[in-house]
Amino acid sequence: MLPELIDLKTFRKALCQAPGPDASALKGAADRNGQLTKPPGALGRLEDLAIWYAGWRADARPQISRPQVIVFAGNHGVTAQGVSAFPPEVTTQMVMNFEHGGAAINQLAMAAGARMDVHALDLDQPTADFTKEPALSEDGLLKALRAGWNAVDPSADLLVVGEMGIGNTTPAAAIACALFGGDAADWTGRGTGVDNVGLANKTRVVAEGVALYADAKDGLEILRCLGGREIAAMAGAIAAARILRIPVILDGFICSAAAACLADVAEGALDHAIAGHQSAEGAHGTLLQKLGKKPLLDLGLRLGEGSGGALAINILKSAVACHSGMTTFAEAGVSDA
Ligand SMILES: O=C(O)c1ccc[n+]([C@@H]2O[C@H](COP(=O)([O-])O)[C@@H](O)[C@H]2O)c1
Ligand SMILES: Cc1cc2nc[nH]c2cc1C
């Protein structure tokens, strides 16, 4: 059961106390994996994925039949600093495109057999420019976390969270830099495609923001000062899924930055999450390494929207189908080693 998200204290506490995977399902799945009609280890990472999934679903022979993709959209005051190649009105325009079924994620979710939901968060009120003041108030952060928290279908058996927000690779870079240190330039990339002058300006903006909130006490405070509503909503949804034991597939750079805020609040907060892909945003690989996540795919995507996560649903579904649908050596009468 998901508790009501009353305040930020509830959020931190629920995340710290969330249950881990089911030990007997993990053992049952590992045992079953050892009996399937294939040389030991021959399905490579698919075997680990299926066992991991079984543990979180508390079922040694699970199925994936109700995957959910949620796309959160938000607007960013920091776009006034000229950090994106596209104008901010594209966020609202793309939300309409999602709702009409015309975006890449509509096709990718459909191809993966997933339900898709879109949540637009106060698009007419961009967050504050973080080079001037914190992006969100405490109440604003709570509202956005709650939007994500409540968007998760408790009956889903797999979750992908994605985003749409012109300018949001800037807050994502700032969050990563604030959490993990290093220079702003290490974390700042081209996003939708800024040129060299744009990249230098964007790096300056990230550095300014990180310096301004250097005293932020933890990942939630960093999320409030440097993040955005869609980023916080992704964090809220990933946290709710952790509590509901719904496995999560992370998407690209912005989604991973949202997730990183949770890992800073509670060790193990992302144990139920895998990395769907490594995006072409320069620092995504480093961010995934910091989170200890090895991406399933590396296709040069830099779209967001949950696209890489949705693609990876097909891999996880295939892993679980093999695990649960294959026969054992004994059942098939195949000679064991
Ligand atoms: O997922 C990623 O790694 C990714 C990398 C680059 C860009 N994006 C998408 O592009 C938008 C942000 O780019 P920008 O240049 O406006 O900061 C936002 O809507 C993201 O979904 C997403
Ligand atoms: C057209 C467009 C589509 C997107 N989808 C996610 N981010 C995006 C950014 C742009 C510019």
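**Helix packing and ligand shells in a predicted model**

Biologist: At roughly what angle do the axes of helix 12 and helix 13 cross?

Modeller: This is a predicted model. Helix 13 covers residues 284-291. Its axis and that of helix 12 come within 10 Å, and they cross at roughly 25°.

Biologist: Are helix 12 and helix 13 roughly parallel or roughly antiparallel?

Modeller: Their axes cross at roughly 25°. Angles under 35 degrees count as roughly parallel. The two helices are therefore roughly parallel.

Biologist: Is the crossing of helix 12 and helix 13 left-handed or right-handed, and which residues of helix 13 make the contact?

Modeller: The crossing is left-handed. Helix 12 brings Phe253, Ser256, Ala257, Ala259, Ala260 and Ala263 to the contact. By class, the contact has eight nonpolar, two polar and no charged residues. Helix 13 supplies His284, Leu287, Leu288 and Leu291.

Biologist: Which elements give two or more residues to the shell around ligand 1?

Modeller: The shell around ligand 1 has 24 residues, and the closest are Ser84, Gly191, Gly252, Ser279 and Gly304. Two or more residues each come from strand 3 (158-164), helix 7 (169-180) and helix 12 (253-265).

Biologist: How many residues of the shell around ligand 1 are polar?

Modeller: Seven residues of this shell are nonpolar, and five are charged. Gly counts as polar here. The polar residues number 12.

Notes. Residues numbered from 1 in each chain as written. Chains lettered and ligands numbered in written order. Predicted model: local features only at pLDDT ≥ 70, side-chain atom pairs only at ≥ 80, totals over all residues. Near = placed C-beta within 6 Å. Helix = DSSP H or I, 4+ residues; strand = E, 2+ residues; numbered from the N terminus. Axes fitted to C-alpha atoms, helices over the stretch in contact; angles between N-to-C directions. Parallel < 35°, antiparallel > 145°, perpendicular 65-115°, else oblique. Left-handed = near helix turned anticlockwise from the far one by under 90°. Contact = placed C-beta atoms within 7 Å.
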